[in-house]
Amino acid sequence: MLVLIFISASLAILRFDSLQLGTSYDDAKYIILAESLASGQGYELINFPRPQIERNFPPGWPLVLAPFTVLFPKNYDALRVVSLILWLASIFLVYKLFSKRLPSPYLEILTTLVALNPLLIGTSVTVMSESAYLFFSLLALVVFDKLDNKHIDWLILAALLAFFTQQVRTIGIALTISLLIILFLSRRFKEAGVVLILFIVGFALQGWLNFRNGGTVISSGYEAQVLSGSMMEKASRILSNASGYFDQVLAGSLVPIFGTRLDSSFGILFLLLNLAILAVIAAGMLASKPKLEWMHIYFIIYLIGILSFWNPQVGSVKARFLIPVLPFLYFYFLNGLKWLTKENSRIAIGTAVLIMLVLIARNLQDWRNPIREQMTDLSIGTTWIAENAPADAIVMVNEPVPAYVHAKRKTINFPKNDQELEKYLQNQGVSYIVIAPLLQSPRSTALDKNAKEILVALNASPDLYHAVFKDAKNNVLVFQYTNSGE
C-alpha cells in the first residue's frame, strides 16, 4: 500500500505544474472564498473592490482551505498540497472500503488502477474540489461499514461526513439522500429518524444562510438547471447526457486510450472496445448481486444526478464529473471481469497490467506535454503587477477571478454596456490595466473586441495611461493609470 501511494505521489509531483492555477476558473474562486472566510469577511469574492456574495458554491472546500491561507498567505501551491494529501489518503480509503467486497488479487488490482488513474492524479494537484469530495465521501462510506446495532456513534459520524461532503460539492446530496434510503429500506427506522433530524437541522441552517445572502435552499445554479423545463425536456436532457457519457467518455475515464491517434486509425476497433468496457461494467453490476448497501444506492443516485443536473447545451458531459465514482466503476468492471472469466485471476491480472501501462503512459504524456502549454498563460503581466504594484492597487483585467491568484491584488472586469472608460476607472479606483487575450484553449494571442477598443483608448491618451510592461509575443500589455485630476 505504501509503495502504491508513493508511486501515485511521484506521478502527481511530476504533474504538479501541468495545469496553471486559475485556468480552471473554479480553483481561483475556491482560493478567494477561502481567503474571505479566513479574514472574517464572510463568504464573498473579495478579489473585487466591492466584494460580491457567493451564491452558487457551497462553503465546504473553502472552509478546509481557509486555515492554510492563514498559515501560508498568498502561497497557493500549499493549497494544492492539501488537495494532494487528501487524494493520497483516499487511496487507503479505497482499499479499506472494497476489502470487504473484493477478494485478492482483485482488491489489489482495483486499488492500483485507482491510484494510477490520470484523471484522479491530475485533479489532486489542483485547488479544485474533486479530491476533497472523493476523500470525504469515501470516509463516510468506510465509517458506515463500522456501524452495528449497539453503537449509533458511527452512524452519526457517517451522517455528518455525508452532509459535509454535500458542502464540498452540491452533488453530494446524492450521499445524504442515499443514506436515508438505505436506512429506510433496511427497516432501521430509529437510525433513519436520527439521521433525518440531523439533515433537517443542517439543511435548515444551510437554507437560512443562503436565503440571507439572496440565494436559494441549496445552490441557485443547480436548482435552476434541475427545476427548469418540462418533464419531456428533463428526459431528453438525461438521454442526451447518457449518450455522451457512453460515447467513450465513461470508458475513457477508466482506460484513457480513446481520442488518441490510435483511435483515429482504428475507429471500429475502439468502438468495439468502448462497447466491451461498458458491457463488462454492466455485467459487474448485475452479477454482483449485492446485498442492500449504501454504496450501490449512492452510485446510482450520483449517476442520475450528473445526467439530470447539467445541461447538454453547455457541454455538460465531462469526464471530471465521473471522478468521484471512478473507484466504483473500476469495482464493477473488475467484478464483471471476474464473473465473465469464471474467476480466472490470470486473465484479470493480464488485463490489469495492460490498463496500468496505459494509465502510466497517459500520466507521463501529460508531464511531457502539459495542458498549460495549450492554454492562455494568465501569469504574463499579472506577475509583474504582483512584484511591482502597491499592495492596495486595483487592477482592471478581462478575467478578474483567475487573474487574482497571479496579480495578488484586487481585480475588476472591463467596463460593460458602453460605460465611459475614465469615469469607470475613477469610480472603481483602478490604477493598473492589463490588456491580454481571453482565457482559452487552444491558446491564442488575439484580443477580443472589448480589449481592442480599450487598447485604442489607452494609446490615445498617453498622458493618462503609461505602458509599464509589454510582452509582444503573447500580446500582453500593462498600463498604469494616472488620474490627471489628483
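## A walk through the loops, helices and charges

Let's start with Glu 343, a residue in the loop between α16 (326–340) and α17. Helices here are DSSP runs of H or I with at least four residues, strands are DSSP runs of E with at least two, and both are numbered from the N terminus. What you are looking at is a predicted model, where local features need pLDDT of at least 70 and side-chain atom pairs count only at pLDDT 80 or more, while totals for chains, interfaces and linings use all residues. Residues are numbered from 1 along each chain as its sequence is written, and side-chain values use heavy atoms, with hydrogens and water left out.

Why stop at Glu 343? Its phi is near 60°, a positive value in a residue other than glycine. Most residues other than glycine have a negative phi, and most peptide bonds are trans. Glu 343 counts as exposed because its relative accessibility is 54%. In this text, buried means under 20% relative accessible area, exposed means over 50%, and partly exposed is in between (1.4 Å probe, protein chains only). Asn 475 also has a positive phi, near 60°, and sits in the loop between β6 (465–471) and β7 (476–481). At 26% relative accessibility, Asn 475 counts as partly exposed.

Pro 437 belongs to the loop between β5 and α21, and its relative accessible area of 7% makes it buried. That loop, between β5 (432–435) and α21 (449–460), also holds Pro 442. The peptide bond joining Ser 441 and Pro 442 is cis, with omega about 0°. Another cis bond runs from Ser 104 to Pro 105, where omega is near 5°; Pro 105 is in the loop between α4 and α5.

Now for the charged pairs. Side chains of opposite charge can pair when their charged atoms come close. A salt bridge here is a side-chain nitrogen of Lys or Arg within 4 Å of a carboxyl oxygen of Asp or Glu, and by this rule the count comes to nine. One of them joins Arg 15 and Asp 366, with the closest N and O atoms 3.0 Å apart. This pair links distant parts of the chain, 351 residues apart: Arg 15 is in the loop between α1 (2–14) and α2 (26–38), and Asp 366 is in helix α17 (residues 345–368). Both partners, Arg 15 and Asp 366, are buried.

The salt bridge between Asp 17 and Arg 80 has an N to O distance of 3.2 Å. Asp 17 lies in the loop between α1 and α2 and Arg 80 in helix α4, so the pair ties together parts that are 63 residues apart in sequence. Asp 17 is partly exposed, at 43% relative accessibility, whereas Arg 80, at 5%, is buried. Together with Asp 77, Asp 17 and Arg 80 are linked in a network of salt bridges.

Asp 145 and Arg 101 form another salt bridge, with their closest N and O atoms 3.0 Å apart. It links Asp 145 in helix α7 (residues 130–145) to Arg 101 in the loop between α4 and α5, 44 residues apart. Asp 145 is partly exposed at 24% relative accessibility, and Arg 101 is buried at 17%.

Lys 100 counts as exposed because its relative accessible area is 62%.
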